Amino acid sequence: MKFTRRDALALGLGATAASFLPLRAMAATTDEVIAAFTGGADIAEGGVSLTAPEIAENGNTVPVSVDAPGAAAILLIATGNPSPGVATFNFGPLAGAQSAATRIRLAGTQEVIAIAKMPDGSFGKASQTVKVTIGGCGG
Amino acid sequence: MAKGVKPRVKVPKTAAAGDVITIKTLISHKMESGNRKDSDGNKIPRSIINRFTCDFNGENVIDITMEPAISTNPFFEFKAKVPESGEFKFTWYDDDGSVYEASKEIAVS
């Protein structure tokens, strides 16, 4: 069999697609990550505030902060990342305020969601769209 | 153990009893996400710090679970209540099992 340039290209593309498949299957979806955190409970809007830039030039370090007065934990999700979970903040008895700031990676323009878990078992949510000029997840 | 890991923590030296203070922490770590590829197209394996905790005199202030989406050199800023003089203890847990620690004294006047 003659191995043409076209064959080689097709083979290469197929191999690339195949190598992506297991990754996609393994990465939990946004809904799954939320369900794991809330246990399927209803989520109300508000109760938590999320501060993120509207436009992030560099997706490698996007400063975000979350604030949810009285919350027990806050889950941060980047819906457009290869794996949507970003971080979970659990506040202990000596937390001075239920707020925290950090820097995160965003693969591209997407919605960032913060979900706060209240001590009474209710959940609050806030989201913001961040425009990303240069993605920060490599690959 | 990842190379060149150096924790840096900023805590005020003194505070009034019951005060809420702001703490900033930064640890130098490359936080390899596991999604990047090297020049030969091979995946670079994931190597991140997956958990950070802060305690004051044995009582928990904050406990953060991290995913690969946290940037290189993870930075955190948060608030803590200071009921008495004591020591803040900061702990970072690496994927490879290493534990990095730092501590800071604070005096209540």
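Trainee: How much area do chain B and chain A bury between them?
Mentor: About 2,500 Å², with 52% of it on carbon and sulfur atoms. Buried area is the accessible area (1.4 Å probe) that two parts lose on being put together, summed over both. This is a predicted model: local features need pLDDT of at least 70, side-chain atom pairs count only at pLDDT 80 or more, and totals for chains, interfaces and linings use all residues. Residues are numbered from 1 along each chain as its sequence is written, chains are lettered from A and ligands numbered from 1 in the order written, and side-chain values use heavy atoms, leaving out hydrogens and water.

Trainee: What about salt bridges across the interface, how many?
Mentor: The rule finds zero. It looks for a side-chain nitrogen of Lys or Arg within 4 Å of a carboxyl oxygen of Asp or Glu.

Trainee: New topic. Which strand of chain B pairs with β7 of chain A?
Mentor: β6(B). Five bridges join it to β7 (residues 95-104) of chain A, and the two run antiparallel. Strands (E, at least two residues) are DSSP runs, numbered from the N terminus. Two strands pair if DSSP finds at least two bridges between them.

Trainee: What stands opposite A:Ala101?
Mentor: B:Glu77, in β6(B).

Technical notes. Helices (H or I, at least four residues) and strands (E, at least two) are DSSP runs, numbered from the N terminus.
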